[in-house]
Amino acid sequence: MIKIYFIVCISFLTFSNIHAENGYRLWLRFDKIDDAELLAQYRNTISAVQINTTSPTLSVAGKELINDLQSLLDKKIPVQKNITENCIVAGTPASSSIISEIFSTTRYDLKNDGFIIVSKKINDKNIIVIGATNDIGVLYGVFAFLRLLQTHQAITNLSIISIPKIKNRILDHWDNINRTVERGYAGISIWNWHTLPDYIDKRYIDYARANASIGINGSVLTNVNAISVVLTRDYLLKVKALAYVFRPYGIKVYLTAKFNAPIEIGGLQTADPLDTSVINWWKKKCNEIYELIPDFGGFLIKANSEGQPGPQGYGRTHADGANMLADALTPHGGIVMWRAFVYDVRTQKADENFEEGNNNALNNSIAAEDRYKQAYDEFKPLDGLFRKNVLLQVKNGPIDFQPREPFSSLFGAMPYTPLMLELQLTQEYLGQGTHLVYEAPLFKEVLNADTYSHGKNSTVAKIIDGSIDKHSLTGIAGVANIGNDINWTGHPFGQANWYAFGRLAWDNNLTATQIADEWIQQTFSNNTTVVSTIEKMMMASREAVVNYMTPLGLHHIMGTGNHYGPAPWVDNAGRPDWNPVYYHRADDYGIGFNRTSSGSNALAQYLPQAKQQWNDSNNCDEKYLLWFHHVSWQHKMKDGKILWDELCDKYQQGVDTVRWMKQQWASLKYFIDDERYNSVRMFLNIQQKEALWWKNACIEYFQTFSKMPIPPGVEKPDKTLEYYEQLNFPYSPGIGGNN
Ligand code: BDP
């Protein structure tokens, strides 16, 4: 019996080369190349490595190169002093005489950590050069070279020059000190503040390595809803320990600064940015930070927004607040990332009453505002008033990381201020921890959006990379989707969003499909069936979530507080502009928010050519229709259907796509290891259930206004609206506070 079992096991193992994987290795798996011919070619082309590990970063680069090559090629890779045929030379002009010579004969403009990977003939020897002008560029080059191998690319006649388009490529962690993660769906925070600084979790190193492999070079450790305690010495020592771990990987640490920290931890009576004692407090605090962490990146600040204190509490402007902090950071080379996510204009008292939401006069004035317009109204007049080391961090859309938003009207409107794009990797509004949604198409949509600020082709990508308005300080931020789950992101496909963010931050010309393919090849397999099947699923997934949640420009109709599931009926949230009914405005006539000149006129914030695509309800790009127009249920759509029918069809399409994704995944059962296969399979079941929930609840609710039948081809909901309305999820994840 035992013998038979043994034989079965052995034969299974020989048939299946697939080992269980928990996802911890991310895209950095470096398993032996499984294509024999290619393996032989690679082995012939790579015989040894030459790298002088004269710095911590070069030593990390050397180790990475040698270990990963050994594992990919399943052969020993010797490290050599002299170049030999087919050796790889990695380094900078300072660390390698060969690279110094190459750089003196060819001028490469490798600003901002760029690198070259080129095939050369030197002293009659064929070599591959991975060169950069600084050490971190070498590490980036090493990872790029390894990516070529992991994705089975040719490595002969290489002539790659790669330069990041954006200087500061940052992950924003909304992590609280108590290890809850605001809008986090992958476990608790990876920062264990309690055991820092003495205990260095291996995760910290692996985190830094993963980020470096995709070019991310900054990490804001703490939540934008900030806590002052992180600026106290005890915590700064913990931050210092993390900075030490990250340094060889080129990652700077940043902190969120609570604006009233001078009061909370400094014993001052005020946090007025123009008060000398406040100015001096921040200066001293910055001196202290930089003494501990000489390469500290700077501060991210959420001020006068959703209850966070800010300069307006003292009758000062956002520029006054940002500049005061910028001045304290200037001597040390730090930057301020000041967030434009505010919606309290002209109702500043809202901050004080934030939690109460019971002030009628206040609520009326908020209701009369269009939240869409507020960031622009607030910040546009401040253009040109910020210090040189201030970036204004703007969310991609005007409201809040919805499945689809028009680009924020601030892009293209503030030529004198470097604008930093903020994207959300964590899927707060995109199915949270359980839906497979590949976000690169969303990121590309905003990057490619045309602001027309300097005529045609003034895309958001060109605004944020500084090329249009000639800014050298540039940045992009992604709100992290990382937690302490074994596979980092909870859903295995969450990793793709982290990966895509890094790759696009480096090079916004890459396409979403290209990035998906690379990620699949490194994360799952180079098998063409696997790559093309998963690529199709990923590329369809973003439109699917738009369709089953918020088609045709609907937005912000999810559950209050936890933002989980549909709740278009909610009309009693703490503030009027948190209510779904405020956004969809459904009534007997129709649905949608009129933002044309006969409504809130938010469209006036865009330049005429940009506005044109949305201004006329008969011509409007229908993906955005209900963002800008209150149209009748009978409104004729471009395909000849009436709006009501089209809306129902879209909901159905969303559900159908998820069903299709499930089938696609099932077809890969024998191509993917069991652990990840089953994990995704079960998540897709949840996604299908929730897509149906969204469709049914929204159609039934909107039907109370349209009073029209559900069109043929759309499945009838199997539960009543009352059923959906009474669902309640007090323990859904992602809403831990800082207390
Ligand atoms: C909203 C989140 C909230 C964040 C806020 C922000 O629901 O938790 O604090 O964005 O970006 O989308 O500040």
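Reply: Start with helix H12, which supplies four residues, the largest share of the lining of the largest cavity. Keep in mind that this is a predicted model. H12 covers residues 371-379, and strand S11, residues 390-395, also gives two or more residues to that lining. In total, 16 residues line the largest cavity. Nearest its centre are Ala340, Phe341, Ala375, Gly397 and Pro398. The volume of the largest cavity is about 140 Å³.

What sort of residues form the lining of the largest cavity? Eleven are nonpolar, three are polar and two are charged.

The structure has five cavities of 30 Å³ or more. The second largest cavity holds about 110 Å³ of space. Its lining has 17 residues, and the closest to its centre are Tyr429, Met549, His563, Gly565 and Trp694. By class, eight of the lining residues are nonpolar, seven are polar and two are charged. Which helix gives the largest share of the lining of the second largest cavity? Helix H22 does, with three residues.

The largest nonpolar core has 229 residues. H22, residues 674-706, gives the most to this core, with twelve residues. The centres of domain 1 and domain 2, taken over C-alpha atoms, are separated by 48 Å.

Two residues have the most contacts inside the largest core: Phe145 and Phe702. Take Phe702. Leave aside its neighbours within four places in sequence. Phe702 is then in contact with Leu554, Ile557, Pro568, His584 and Ala586, and also with Ile591, Trp633, Trp644, Leu647 and Tyr651. Another core lies apart from the largest one. This other core has 15 residues, including Ile83, Ile98, Ile99 and Tyr108.

Now look at two single residues. The first topic is phenylalanine 501. Phe501 sits in helix H15, residues 494-506. Is Phe501 buried or exposed? Its relative accessibility is 1%, so Phe501 counts as buried; the cut-off for buried is under 20%. Its contacts, apart from neighbours within four places in sequence, are Ile170, Leu171, Ile216, Leu423, Leu425, Phe443, Ile476, Ala477 and Gly478. Leucine 231 is 270 residues from Phe501 in sequence. In space, the two are 29 Å apart, C-alpha to C-alpha.

The next topic is glutamine 664. Gln664 is found in helix H21, residues 643-666. With a relative accessible area of 17%, Gln664 is buried too, because the cut-off is under 20%. What does Gln664 touch, not counting residues up to four places away in sequence? The answer is Thr533 and Met537.

Note on methods. Residues are numbered from 1 along each chain as its sequence is written. This is a predicted model: local features need pLDDT of at least 70, side-chain atom pairs count only at pLDDT 80 or more; totals for chains, interfaces and linings use all residues. Side-chain values use heavy atoms; hydrogens and water are left out. A nonpolar core is a set of buried Ala, Val, Leu, Ile, Met, Phe, Trp, Tyr and Cys residues joined through side-chain atoms within 4.5 Å. Buried means under 20% relative accessible area, exposed over 50%, partly exposed in between (1.4 Å probe, protein chains only). Contact means heavy atoms within 4.5 Å. On a 1 Å grid over the protein atoms alone, a cavity is a set of points where a 1.4 Å probe fits but cannot get out, and a pocket is an open set with protein on both sides within 12 Å along at least five of seven lines; lining residues have an atom within 4 Å of a point. Grid points are joined across faces, edges and corners, and a volume is the space filled by probe spheres set on the points. Ala, Val, Leu, Ile, Met, Phe, Trp, Tyr, Cys and Pro count as nonpolar, Asp, Glu, Lys and Arg as charged, and the others, Gly among them, as polar. Domain bounds come from an automatic or database domain assignment.
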